[in-house]
Amino acid sequence: MRNPSPVRSVVILLVSVFVTEALLMILLSLLPPLPEWLDVLLDSTALAVLLLPVSFFFVLRPLHAQIAGRRQAEEALRESERKLRLIAENTTDVILAYDMERRLIYVNPAVQELTGYTVAELRERNYINWLYSEDEARMTALWEDLFAGKGFSGEELRIVTKDGQIKWCLSSWGPLYDESGRQIGVQGREHDITERKRREEQIRRHAGHAEALAHIAAGLNAQLDFELLLSAVCEETARALGTPAASVGLYDGEREVIYHAADCGLPPDYRQRTIPLPRAVYDEHVGRAGAVSVVPNIQALPGIPNAPLQAELD
């Protein structure tokens, strides 16, 4: 049943009083004359008895319902606050709130894990400046803006813990409003990103090392003498095979010939006297002799190119 409005309740109450008084007057008129004091007493008593249930129904019951509803709302609010407090006190992020007089009104236990300061220490000192010196000016300016109704999100900053460690935080703060929309303070969250920043620094350091090596390699390639490289290949090949001399031939795709590129242990004029070998002749030789890697006596091969020159080396 819906409770009547206060105005309607008052109107009904006045009408009830009028009707009750009229009925009482009619009843008393039917009785023999009574002393005046007794007449007044009976009139007042009867009126009170008649008005009591009316008052209860139209006044006390709605009042009781309002009080009960308010108590339920207060209980629901307390339960909601309790749940929010449990969430705040069990999160790993630091949550803080200050009033407009910059007095600390809330801080959760996570502050000790991040900063090394206990909740009791922070409450006693109200505010502890743990900002790293290079970030202090920037974050102090943002802090002042909070009390002018501004906010910020995702600001990276460094703090100095109680034992002197430097940690990284991701900071988000904003104004704190009451039910009417009036700013009554500021609130914020600090998230520890120290491990993430450490991994990012390792990645940057490794990338820097790789870039340095790339620069070194590029510099070496720019200064590298290709002929010296081929000569070194010849020397290593001769050493590996146990031979007194070795040479390297390279294929020229445009002319389709294999020409002498480098050697070791051969006469100085060997390169100039060597005739480039046509690709067709080379393919015929390989087809006849096979894929020869080491030849004990090169003169024993039939149709070997540059045979007269090879004979001089014997």
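A residue counts as buried when its relative accessible area is under 20%. Asp178, with a relative accessible area of 19%, is therefore buried. The structure described here is a predicted model. The points below cover its aromatic pairs, charged contacts, strand pairing and one surface patch.

**Aromatic pairs and cluster**

- A search of the whole structure finds 6 aromatic pairs. One of them joins Tyr98 and Trp143 edge-to-face, with 5.4 Å centre to centre and 90° between the planes.
- Tyr98 belongs to strand E1 (residues 94-99) and Trp143 to helix H5 (residues 133-146), so this pair ties together parts that are 45 residues apart in sequence.
- Tyr98 has 4% relative accessibility and counts as buried; Trp143, with a relative accessible area of 14%, is buried too.
- Trp143 also pairs with Trp173: the ring centres are 5.6 Å apart and the planes stand at 80°, so the geometry is edge-to-face.
- Because Trp143 is in helix H5 and Trp173 in strand E4 (residues 166-177), the contact links parts that are 30 residues apart in sequence. Both Trp143 and Trp173 are buried.
- One aromatic cluster is made up of Tyr98, Tyr127, Trp143, Phe147 and Trp173.

**Charges over rings**

- The ring of Phe147, a member of that cluster, has the charged end of Arg102 sitting over it, 4.2 Å from the ring centre.
- Arg279 lies over the face of Tyr251, at 5.1 Å from the centre of the ring.

**Salt bridges**

- The structure holds 20 salt bridges. Among them is the contact between the side chains of Asp135 and Arg158, at 3.0 Å from N to O.
- Asp135 counts as buried at 5% relative accessibility, and Arg158 counts as buried at 17%.
- Asp135 and Arg158 are part of a network of salt bridges that also links Glu134, Arg138 and Glu155.
- Asp178 and Arg182 meet through their side chains in a salt bridge of 3.3 Å, N to O. Asp178 is buried, whereas Arg182 is exposed, with a relative accessible area of 53%.
- Another salt bridge joins the side chains of Asp252 and Arg255, at 2.9 Å from N to O.

**Strand pairing: E3 and E4**

- Strand E3 (residues 152-160) runs antiparallel to E4, and 7 bridges join the two.
- Leu157 stands opposite Cys169, which is in E4.
- The hairpin of E3 and E4 has 5 residues between the strands, and in this hairpin Gly164 takes a positive phi near 90°.

**Strand pairing: E6, E7 and E8**

- An open sheet is formed by 3 strands in the order E6-E7-E8, with antiparallel pairing. Its edge strands, E6 (246-252) and E8 (277-278), each pair on one side only.
- Strand E7 (residues 257-264) pairs with E8 in the antiparallel sense over 2 bridges. Val257 has Pro278 in E8 as its bridge partner.
- Leu277 is found in strand E8 and counts as buried at 15% relative accessibility.
- Leu277 and Gly249 are 28 residues apart along the chain, and their C-alpha atoms are separated by 9.4 Å.

**Surface patch**

- Phe226, Leu229 and Val233 form a nonpolar patch on the surface; together these residues have about 260 Å² of accessible area.
- Phe226 is placed in helix H7 (residues 226-241).

How values were computed: Residues numbered from 1 in each chain as written. Predicted model: local features only at pLDDT ≥ 70, side-chain atom pairs only at ≥ 80, totals over all residues. Heavy atoms only, no water. Patch = residues over 30% accessible without salt bridge, like charges linked within 9 Å, V, L, I, M, F, W, Y side chains within 5 Å. Areas by Shrake-Rupley, 256 points an atom, 1.4 Å probe, with all protein chains shown as cover. Salt bridge = Lys/Arg side-chain N within 4 Å of Asp/Glu carboxyl O. Helix = DSSP H or I, 4+ residues; strand = E, 2+ residues; numbered from the N terminus. Phe/Tyr/Trp six-rings, centres within 6.5 Å; stacked < 30°, edge-to-face > 60°. Buried < 20%, exposed > 50% of the residue type's maximum accessible area, 1.4 Å probe, protein only. Lys NZ or Arg CZ within 6 Å of the ring centre and 35° of its normal. Pairing = 2+ DSSP bridges.
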